[in-house]
Amino acid sequence: MLSFASDYVEGAHPEVLARLVETNMEQLTGYGTDVYTLRAKEKIRKVCESPDADVYFLTGGTQTNQIAIATLLEACEGVVAAETGHINTHEAGAIEYTGHKVISLPTHLGKIDAKELEAFLSGFFFDSNNEHMIAPGMVYISYPTEYGTLYTKNELEDISRICREYKIPLYMDGARLGYGIMSDGADLSLCDIARLCDVFYIGGTKVGALCGEALVFSGSKAPKRFVTMIKRHGALLAKGRLNGIQFDALFTDDLYFRISRHAIDMAKELVRVLEEKGYEFFLESPTNQQFVILDNAKMRELSEKVEFSFWEALPKDRSVVRFATSWATDKESIDELSRVL
């Protein structure tokens, strides 16, 4: 089976895996206090041009979202997100499980609109009955979005300005951050993101790591006793080296950015093949996720030879499906997909 189901179907990039093997027998201190974890944090601060940033390593995206959001919010606050946002659709109520509501706004190809966000916040704080309502205590976005689209620098600046005006943190889910930054359609750098977002994470699970995400508090310091909060959520690894060594490798010699760019190059090849075969795209995505409309009969037929992800149902027995490339996708797989199609 050819697999374009997601960008985490392989293990780790060989250079990352090699560093894990090379350091395997070293005796290192636990809980993220080892030399490799400390070095990885410094490398991330440097590349973000945020020398005072607090950096923490966690093992997965849902875990990172839940801990960051639950810890930053007050008990009676919720988090604002696009109705298609990952925390609102594909995280099994992980945020609600902590007692915090996800407050959804209309989606525009996966994104929230700054004017609609401002109207919502101003309406809430103008409402004399707001003490009877869940208060918006944070704004959540992702880059890229669930539909592979990207916020522009102007859009992010507008959202950031609004959040700072209302004194609520802006949090960016960066599960696929590398694929967003290295896309031809991007005008945001990692430094821009660190400057405009209060909190964000650099995804490793989908971008070359065996597992792991780097949570960065750039615009504000981490909450008090944040490590204790991580442990209370059952997320503090005794062998913190697992994440530290991987991110140390990913941020050596621009590996993270080089392999992210490879995924984008393969996505461009994927788009070329799909266009040549006459497939209809649901939307235009500049990232490693490509969304195609298939008749349901064709979808079932193709799924016998190719793995892809169902995304949403459309009228007239049609569906949107997603093809994803990754750091590990090779040209031979694209050529074989072309033959199968």
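**A walk through the sheet and its surroundings**

Glu77 stands opposite Ala135 in strand 5. The model is predicted, so local features are taken only at pLDDT of at least 70 and side-chain atom pairs only at pLDDT 80 or more, while totals for chains, interfaces and linings use all residues. Residues are numbered from 1 along each chain as its sequence is written, and side-chain values use heavy atoms, with hydrogens and water left out.

Strand 3 (residues 77–82) pairs with strand 5 in the parallel sense, over four bridges. Strands (E, at least two residues) and helices (H or I, at least four) are DSSP runs numbered from the N terminus, and two strands pair if DSSP finds at least two bridges between them. Strands of a sheet pair through backbone hydrogen bonds, either parallel or antiparallel. Here seven strands form an open sheet of mixed pairing, in the order 2-8-7-6-5-3-4. Strand 2 and strand 4 (102–105) are at the edges; each has a single partner strand, so one side of each has no neighbour in the sheet. From one strand to the next, the twist averages 25 degrees.

Two helices can now be placed against the sheet. Helix 2 (residues 35–48) lies across strand 2, strand 7 (199–203) and strand 8, at about 125 degrees to strand 2. Helix 11 (residues 241–250) lies across strand 2, strand 7 and strand 8, and runs at about 115 degrees to strand 2. These angles, from 0 to 180 degrees, are between N-to-C directions of axes, which are lines fitted to C-alpha atoms, for helices over the stretch in contact.

How many aromatic pairs are there? The count is 17 aromatic pairs. Rings of Phe, Tyr and Trp (its six-membered ring) pair if their centres lie within 6.5 Å; planes under 30 degrees apart count as stacked, over 60 as edge-to-face and the rest as tilted. The ring centres of Tyr56 and Phe217 are 6.0 Å apart and the planes are at 85 degrees, so this pair is edge-to-face. Tyr56 is in strand 2 (residues 54–58) and Phe217 in strand 8 (residues 213–217), 161 residues apart, so the pair links distant parts of the chain. Both Tyr56 and Phe217 are buried, where buried means under 20% relative accessible area, exposed over 50% and partly exposed in between (1.4 Å probe, protein chains only).

The rings of Tyr147 and Phe291 make a tilted pair, because their centres are 5.4 Å apart and their planes are at 40 degrees. Tyr147 is in the loop between strand 5 (135–142) and helix 7 (153–165), while Phe291 is in strand 10 (residues 289–295), so the pair ties together parts 144 residues apart in sequence. Tyr147 counts as buried because its relative accessibility is 11%, and Phe291 is buried with a relative accessible area of 0%. Elsewhere, one aromatic cluster is formed by Phe57, Phe247, Phe251, Tyr256 and Phe257.

Ser260 is in helix 12 (residues 255–276). Ser260 is buried, with a relative accessible area of 0%. Leaving aside residues up to four places away in sequence, Ser260 touches Gly178, Tyr179, Met182 and Val207, contact being heavy atoms within 4.5 Å.

Last come the cysteines. A disulfide is a pair of cysteine sulfur atoms within 2.5 Å, and the count here is zero disulfides. For Cys76, the nearest cysteine sulfur is that of Cys163, 18 Å away.
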